[in-house]
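Here is a short report on a structure with more than one part to explore. Keep the sequence and the 3D view side by side as you read.

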Amino acid sequence: MNFKTFAAFVGPSVFMMLLFIALPLASVLKQSFYVTQPIYETVEVESCSPGFPEQICVTERKSVPKLDEDGKIVEVTTYVGLQSYRNVLELERAWNAVKRDGLMALQSIDFWKALRFTLTFTLITLPLVLGFGLGIALMINNASQAIKGPVIFISLLPFIITPVIGALSINWLFRGDGILTAFIEWYLQRDVSMFAQAWTIEVLIMLYRVWHVAPFAAIVFYAGLQTVNSDALESAVIDGASRWQRMKYVVIPHLMPLIIFISMIHLMDAYRVFEEIVGFSSQGYVISLQWLTYDFLVPDQAGNRSISRASASAMLTMIGIAILLVPLLRRTWQDHKGGH
Amino acid sequence: MSSRALRQPFALKFTSATFLAIWCIVAAFPIFWITVMSFKSPVDAFSSNPLNVVFGPSTRAGGNGLSILDILMGIVVIWITARLMTRTLPMMVAAYAPAGQKWIGWVIGSLVVAIGFLVTFFAILPAILDALNPVFGPLGRDIIGLTTEHYKTVWIDRGFSNNFKNSMIVTTGVVTVSLTVGTLAGYGLARSGSGLAFAILIIALVFRALPHSVLVAGYLPVFISSSEWLAPILGENAPTLYGKPFAVIAVLVAINQPFTIWMLRSFFQSIPAELDEAARVDGCNHFQAFRRVIMPVMWPGVITTGLFSFLLGYNDFLVTSLLLDAQNQTMVPAIAGMFSRETTTTDQVVAVAAAVSITAPLFFLVMVFQRQIVSGLTAGAVKG
C-alpha cells in the first residue's frame, strides 16, 4: 500500500484525533498559564438617602466590571505563569499543615485529598479485580456446558450497566435504611450510617468498581483458559503436581499476558475514576482527580467557570497518566520490534 | 475435560458451583432490586424489611396490585412471545424473506412481534383480567403491590422522552460516524506495515488513556465562544457549538477513535490479505478491493465495534453533562439532575424508575448481542 492510499484511508480518523484530542490538549496546556478575567475599574459613586434636615450623602469607591460599547463585559487574558498551578496545589498551605499536624492534614486541601483517594482506589481495586476475575473465570470454566451461557449473560450485566446508574443502584441499597444497611445493622446489632463518614463511602466505591470490572476480567480470563494446553496439565499431574501447583506453574504463566493486559486497562480506567463520585454523591467526603477538574469546569453560582484552574488540575492529572503509560508503551514497542 | 486425570473431586465441584451461584446473585441483585423498587409506592420501596419491598403492602393498599391470576396470565403471554421469537419467527423468515435480504425479514418480524406483545400485554390483557379477577375469588385477589405511576411521572411529567430522543440522536451519530471513519482507518492500518502506521497506533494508545475531563477543559472555552471565531468563515449565522448535539457527537467520536481503530485493525488482520491481493490482481484498486471484497466479510467485526461505540455514547456522563445545554440533555446527565433534588421519597422512587428505564435497553442489548460482546472483549486481549 503506497503512502497516498494509506493517507486516504487513515486521514479522516487521524484528522479527527488531531482536531479533537491533540489540539484540545495543547490548548489546555496553554490555558493553564493564562487567566481570563473581566477588567474592573474603580468608580466613585455618590449615593444619597433622604434625611433631615438635609440628605445624607455618602461617596463610595466601588469596583465594577468595565463594559464596552455593546454593554458586554470586557475581558482580558493575562499570562500568569505557574500561578494557576500554585492555586490548585496550595503548596505553602499544604507544607504548613504537614509541619503542624502530620501527613493526614493534607486531607484538608482538595488536590491532595483527590490524589490520595485516586491512588488508593487504583492500587486497592487492581488486585481485587484480578483475583475475582480469575476466580469467576475458573468457576465458569468448571460449570457444566448448559449453564455457561446464562451465567455469562448474568455476569455481563454489571459490566454493561451505565457507570453512574450502577453506582446509584448500589447507593440506593445502602441509602438511609436501605435493605443492605438494615441487614448490616441487624448483623452488628448497632446503628450504621454508610454515608456519614469518608471510609465507608470509599469502601462502597471500591466494591462498586470491583463489581463493575470483575466480569470483564473474568470473560477475558475465561477465553484464555480455553487455550490452556491440556497435555501440559496432564503431564503435571503425572509428575505429581497438586491442584494448586498446576494452577501456579501451568495456568497462571499461560494467562500472564492477559493479566498484564487487564492490569493496564484497569490502571488507566481506575485512575480516571469519576462516575462513582457522582453516583454516590460523595463530593462532601471523597473526591477524585478527574472530579476535581470537572468541578472547576461546572459553572459556579455566578455562572463563571474557572477554566485556568481546571486546566492546571487537568495537566497535573496528566502527570500520573504519563508515569502509568511508560511501561505500557515500552512493552508495545518491544512486541512490535519482536514481531517484525 | 475428557481426560480422567483432570477429573475433579465432588467437593471441589460443589464448592465451585456454590460460589458461582453466589456470584450470579451478587451480579444481578442490585439491578433486580432497583427494578422491583421502581414499581412500588415510596413507603414500600424504601422499607427496611425486604418482604415489604417485594410484596408492597402499602402499594396494594393503594389499590394497585397483581393477583395470582394476573401473574399466571402474564407469564403465559411472555412465554408465548418467547416461543414466537425463537421458533416461529426464524421459520417464517427462512420461508418468506428473499434470500440475501434476511435482515429485512428479521427487522419486520421483530417489529410485528414487539408491537403485538406491547398491545396484548398492556392493553388487551389488563382489560380481560379486570373482568376475570372478581370471578375467581381468592385467585383473583391482589397479592403483590405494583404500580407504574413512577414511570408515568418520569416519561410524561418530567419530559424524559425528550432526553431519550436526545440520547438516541447522540448514540446514532456516534455509532455511524465512528464506524465509517474507523473502518477505513482500521483497514488502512491493518494492511500497512509501515512505521507511520505503528506510530499512529501508539499515539492512539496514549490518547486512549487521557482523562476525558482534560479534553473537555480544552473544548469548553472554544465551544462557548465559537460564534465569534467562526464568524469570519461562516458569516452572520455562525453557530455556538456549546449545547449542540452534533458537536458532542464529534467529540465522542474522537474520544472513541483510538479504541475503534485498535479493535477494527485486529479484526481486519484476521481477514487474510490474500483476499484483497487476489482482487488487486484482478484489476481492482485498493478502494474497490475494500468495497467489493472486504466489506461483505467485515460485518461481524463492525457490529462488535459498533456495540462498544454505542455503549460509550449511551453511558457517557462527563462530556454530555458539560457540553450539552438543558434542552439537548441526554438521559444519563438528566438523571443526575433528578437525584440531586430528591427531597422527598417520591422523588427518589421517580429517580429509581428513570434509572431502570436507562438500564432496560442495555439489558436487551446483552440478550441479543451476548456473543458479539464476548468476542469483542476477548478480541483485543487474547492477542496480547
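## Annotated spans in chain B

Take residues 293-314 of chain B. In this predicted model, that span is 82% helix and 0% strand. Its end C-alpha atoms lie 32 Å apart. Now look at residues 196-222 of chain B. Here the chain is 89% helix, again with 0% strand. The end C-alpha atoms of residues 196-222 are 31 Å apart.

Both spans carry a label from a record. The unreviewed UniProt entry for chain B annotates "transmembrane region" at residues 20-41, 61-82, 103-129, 168-189, 196-222, 242-264, 293-314 and 349-369.

## Domains of chain B

Chain B is also divided into domains. Domain 1 covers residues 65-145, and domain 2 covers residues 159-340. How far apart are the C-alpha centres of domain 1 and domain 2 of chain B? They lie 38 Å apart.

## Annotated spans in chain A

Residues 117-140 of chain A are 100% helix and 0% strand, with end C-alpha atoms 33 Å apart. Residues 310-329 of chain A are also 100% helix and 0% strand. Their end C-alpha atoms lie 27 Å apart.

## Where the chains meet

Now bring the two chains together. The contact takes 90 residues from chain A and 105 residues from chain B. The size of an interface is often given as the accessible area lost when the parts come together. Chain A and chain B bury about 8700 Å² between them. Of that area, 80% is on carbon and sulfur atoms. Which residues of chain A lose the most area to chain B? They are Phe9(A), Ile160(A) and Trp172(A), together 9% of what that side buries.

Polar links cross the interface too. There are 13 residue pairs in polar contact between chain A and chain B. Helix α1 of chain A, residues 3-31, gives the largest share of the side that touches chain B, with 19 residues. By class, that side of chain A has 64 nonpolar, 16 polar and ten charged residues.

## Salt bridges

How many salt bridges are there over all chains? The count comes to four. One salt bridge is found across the interface of chain A and chain B. It joins the side chains of Asp269(A) and Arg208(B), at 3.3 Å from N to O.

Another salt bridge lies within chain A. Glu202(A) pairs with Arg116(A), and their closest N and O atoms are 2.8 Å apart. Glu202(A) sits in helix α8 (residues 198-225) and Arg116(A) in helix α4 (residues 110-142), so the pair ties together parts that are 86 residues apart in sequence.

Methods. Residues numbered from 1 in each chain as written. Chains lettered and ligands numbered in written order. Predicted model: local features only at pLDDT ≥ 70, side-chain atom pairs only at ≥ 80, totals over all residues. Heavy atoms only, no water. Contact = heavy atoms within 4.5 Å. Buried area = accessible area lost by both parts, 1.4 Å probe. Polar contact = N/O pair within 3.5 Å; in protein donor to acceptor, adjacent residues only side chain to side chain. Helix = DSSP H or I, 4+ residues; strand = E, 2+ residues; numbered from the N terminus. Nonpolar A, V, L, I, M, F, W, Y, C, P; charged D, E, K, R; others polar. UniProt positions renumbered as here; feature names shortened; annotations may be inferred. Domains from an automatic or database assignment.
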